[in-house]
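Subject: The structure I promised you

Hi,

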Amino acid sequence: MPIIPDHKDWTWVLQRPCPECGFDAATATPAAAPGIVTSMLPRWRAALRRPDVADRPGEDTWSVLEYACHVRDVFTLFDHRLSLMLAGDGARFDDWDQDLTAVEKDYANADPAGVSAELTAGGEQIAASFAGVPEEHWGRKGTRSNGSEFTVLTLAQYFLHDVVHHLHDVDG
């Protein structure tokens, strides 16, 4: 059964802590991103070794495998967006339909070992990218297709909430 698409605007997490996962964007910076991301990778690899990795806990909730595929793709997407912002102020981001991507890439039937390797590589890549961002570039701007404007700082915070929240989803 397909998941009901999530059309919520999650940018509110930049203003207040998330009541579900506890993430507080105000405590995160691009300089903190590498440590946060790399500390999560072993937990994702462990989750992808669960015997029930492909089982959905409910009709409206992704399996651990599907969440991991999503996070793998979030790593790649945000690494690309970060590189656009660092290449020039005022970057524009193409729309990304995460639900369509889940169907097109068949998240539900992915190989957990392959996803683990790809998620690890993507996490290491974006961690390295954030590690290379000088503080004087934290104010560079980029705009999402819906008009939401980000700086490198708020992009890091928004990104980190996404990956922390989804690890909370699979750990919970």
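Start with arginine 81: it lies over the face of phenylalanine 78, 5.7 Å from the ring centre. Before you zoom in further, keep in mind that this is a predicted model.

Phenylalanine 78 also belongs to a cluster in which ring pairs link Phe75, Phe78, Phe130, Phe150, Tyr158 and Phe159. In total, the count of aromatic pairs comes to seven. How are the rings of phenylalanine 75 and phenylalanine 159 arranged? Their centres are 6.0 Å apart and their planes are at 55 degrees, so this pair is tilted. It links distant parts of the chain, with phenylalanine 75 in helix H2 (residues 64-87) and phenylalanine 159 in helix H5 (residues 152-171), 84 residues apart. Both phenylalanine 75 and phenylalanine 159 are buried.

Another tilted pair is formed by phenylalanine 150 and tyrosine 158, at 5.2 Å centre to centre and 55 degrees between the planes. Phenylalanine 150 counts as buried because its relative accessibility is 3%, and tyrosine 158 counts as buried too, at 13%.

Now the core. In the largest nonpolar core there are 50 residues, and Trp44, Phe75, Phe78 and Phe159 touch the most other members. H1, H2, H4 and H5 are the elements that give two or more residues to this core. Which of them supplies the largest share? That is H2, with 12 residues. As a rule, nonpolar side chains in soluble globular proteins tend to be buried together.

Leaving aside neighbours within four places in sequence, phenylalanine 75 is in contact with Val37, Leu41, Leu119, Gly122, Gly123, Ile126, Phe159 and Val163.

H2 has 24 residues and reaches 34 Å from its first C-alpha to its last, close to the 34 Å expected at 1.5 Å a residue. H2 is also mostly covered, with 18 of its 24 residues buried.

Helix H4 (residues 112-131) passes the length check as well: its 20 residues should span 28 Å at 1.5 Å a residue, and its end C-alpha atoms are 28 Å apart, which agrees. The buried residues in H4 include Val115, Leu119, Gly122, Gly123, Ile126 and Phe130.

Is serine 116 buried or exposed? With a relative accessibility of 12%, it counts as buried. Beyond its neighbours within four places in sequence, serine 116 is in contact with Arg45 and Leu48.

Next, the cysteines. How many disulfides does the structure hold? The number is zero. Cysteine 18 shows why: its closest cysteine sulfur is in cysteine 21, 3.8 Å away, and that is too far for a bond, since a disulfide needs the sulfur atoms within 2.5 Å. Cysteine 18 is buried, with a relative accessible area of 3%. Cysteine 69 is buried as well, with a relative accessible area of 0%.

Finally, have a look at the loops. Tryptophan 62 lies in the loop between H1 and H2 and is buried, with a relative accessible area of 9%. The C-alpha atoms of tryptophan 62 and alanine 108 are separated by 8.3 Å, although the two residues are 46 residues apart along the chain.

Aspartate 106 sits in the loop between helix H3 (98-104) and H4, and it is partly exposed, with a relative accessible area of 37%. What stands out in its backbone is a positive phi of about 50 degrees, although aspartate 106 is not a glycine. For background, most residues other than glycine have a negative phi.

Glycine 90 is in the loop between H2 and strand S1 (91-92). At 47% relative accessibility, glycine 90 counts as partly exposed. Glycine 90 and threonine 151 are 61 residues apart in sequence and 9.3 Å apart in space, C-alpha to C-alpha.

Technical notes: Residues numbered from 1 in each chain as written. Predicted model: local features only at pLDDT ≥ 70, side-chain atom pairs only at ≥ 80, totals over all residues. Heavy atoms only, no water. Phe/Tyr/Trp six-rings, centres within 6.5 Å; stacked < 30°, edge-to-face > 60°. Helix = DSSP H or I, 4+ residues; strand = E, 2+ residues; numbered from the N terminus. Buried < 20%, exposed > 50% of the residue type's maximum accessible area, 1.4 Å probe, protein only. Lys NZ or Arg CZ within 6 Å of the ring centre and 35° of its normal. Expected span 1.5 Å × (residues − 1). Core = buried A, V, L, I, M, F, W, Y, C linked by side-chain atoms within 4.5 Å. Contact = heavy atoms within 4.5 Å.
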